[in-house]
Amino acid sequence: MSEFDTVIHGGTIATATDSWKGDIGIRDGRIAALAETIEGGARRIDASGRLVLPGGIEAHCHIAQESSSGVMSADDYYTGSVSAAFGGNSSFVPFAAQHRGQSVDDVVRTYDDRAAPNSVLDYSYHLIISDPSPRVLAEELPRAFARGITSFKVFMTYDLMNLGDGGMLDILTVAKAHGALTMVHAENNDMVKWMNRRLAEAGLTDPKYHAISRPALAEEEAINRAVSLAKLVDAPLFIVHVSTPGGAAIVQRERLAGTKLFAETCPQYLALTREDLDRPGMEGAKFICSPPVRDREAQEVLWRHVQTGTFASVSSDHAPYRYDETGKFLNGFDAPYPKISNGMPGIGMRLPYLFSEGVVKGRITLQQFVGLSSTNAAKTFGMETKGSIAPGMDADIAIWNPTETRTATLADQHDNMDYTPFEGMEITGWPQTVLSRGEIVIEDRELKAARGRGRFVARKPVNLTGMPGYTAPELDPARNFGAKVAP
Ligand code: DUC
Ligand code: ZN
Ligand code: ZN
């Protein structure tokens, strides 16, 4: 019997720090050996001419999730995980959303029922908290944390989700006490509502006005406020889907100052502009997401932040609503933009887009690509056996053909959508074979994995090494007359 279940041989292996030519021996779902050459193996995968990378970790996606207005996303844990796998991912972390009045225990059970029988990839959840009742704060969040759900997301916008600053401080404080990471959608709710009202009064409700209704200043103000709230209690914070140069600059400044701060941006903010919302008829609805896509100047600046390390990850924010009456047009085909479902798909395109526009075009190194697509998410979100290629790690591996050029198209997405916002883009570099814990999920661009093979990943607390944080004098017992205000 062979020492290894699988040997991947002849490829160029890359991690977030190095690249080398070599072989990988896999046993019992883990990487058991790395060497220049490894003989044997019950199965041998020829990776010559290919890149052998840690499988992507998609850390921001909405799968089998109801929005606050009750619209179910188009992808369930089967189609969502299959699309992610075709896009070079070996695991993903969708959201489990608590809506007002729901118990977090029930929410977690519901998402377990949605994920476990269906996912082809390993998965965890970030909790979305919209109702931080005393019981949620004192009992349910600690219980979720104890079972390995170590990140909680909150909203500063949407009337049915917005917690207000006090609610955010409560969540940040509980999260900090347990070592959890608070994620935040940062847009100023009142600025957006005021813009909506003014635009509606002027009769400006076509899809393109969605982009106008959510000003860059609304994001910048909210990021600044979210960071101040987190600093007050010295709690770690992760800003999701940063879309503006001003927002990214705040993240950069605060990270430099030692604030316990992480952030991501998404391909749509690097690839699309508000002109896409001005396509003929209602087609602009396909590009409605929040925060909205901006302009070419914003794209250039966001790329600079990707290049210089402001962002831990580039995530898809896959929020799929079909271009029909089940999704975008649940409120009619001529609905005003505030009534069009908010989000766009992209879980299968995140990595091909980032590779093509990033690595192939020379904007980022292959090592940065691995960091942004996998390693940093593993570290930030406590997936300690994932995100790198080293002995003992899960054999979560994506084998890429770095020179294949294809045009992005819906047929290659394998999701449950009827459009892709990336349609027609020429992309060089595609994942070809994807393994998860040593099992082949995609082989030569064909699905091989069984529905439900994915396992829940219990995550560890956020790693804050190298982030000194901030002590507000008013919360420092040495300077506040001994008052104990927060843990
Ligand atoms: N925020 C997200 O993160 N995804 C979809 C919609 C939204 O507002
Ligand atoms: Zn959001
Ligand atoms: Zn999202």
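What distance separates the zinc ion (ligand 3) from the zinc ion (ligand 2)? I read 4.2 Å between the two ions. This is a predicted model, in which local features need pLDDT of at least 70, side-chain atom pairs count only at pLDDT 80 or more, and totals for chains, interfaces and linings use all residues. Residues are numbered from 1 along each chain as its sequence is written, chains are lettered from A and ligands numbered from 1 in the order in which they are written, and side-chain values use heavy atoms, with hydrogens and water left out.

Donors here are N, O and S atoms within 2.8 Å of the metal (3.2 Å for Na, K and Ca), and water is not among the atoms, so sites may look incomplete. His60 lies in strand β6 (residues 56–61) and Asp317 in the loop between β14 (313–314) and α11 (350–360), so the pair ties together parts that are 257 residues apart in sequence. Helices (H or I, at least four residues) and strands (E, at least two) are DSSP runs, numbered from the N terminus. I found both His60 and Asp317 buried, that is, under 20% relative accessible area, with exposed meaning over 50% and partly exposed in between (1.4 Å probe, protein chains only).

I then turned to strand β16 (residues 426–436), where ten of the eleven residues are buried. Strand β15 (residues 397–407) runs antiparallel to β16 and is joined to it by eight bridges, with Asn401 opposite Trp430; two strands pair if DSSP finds at least two bridges between them.
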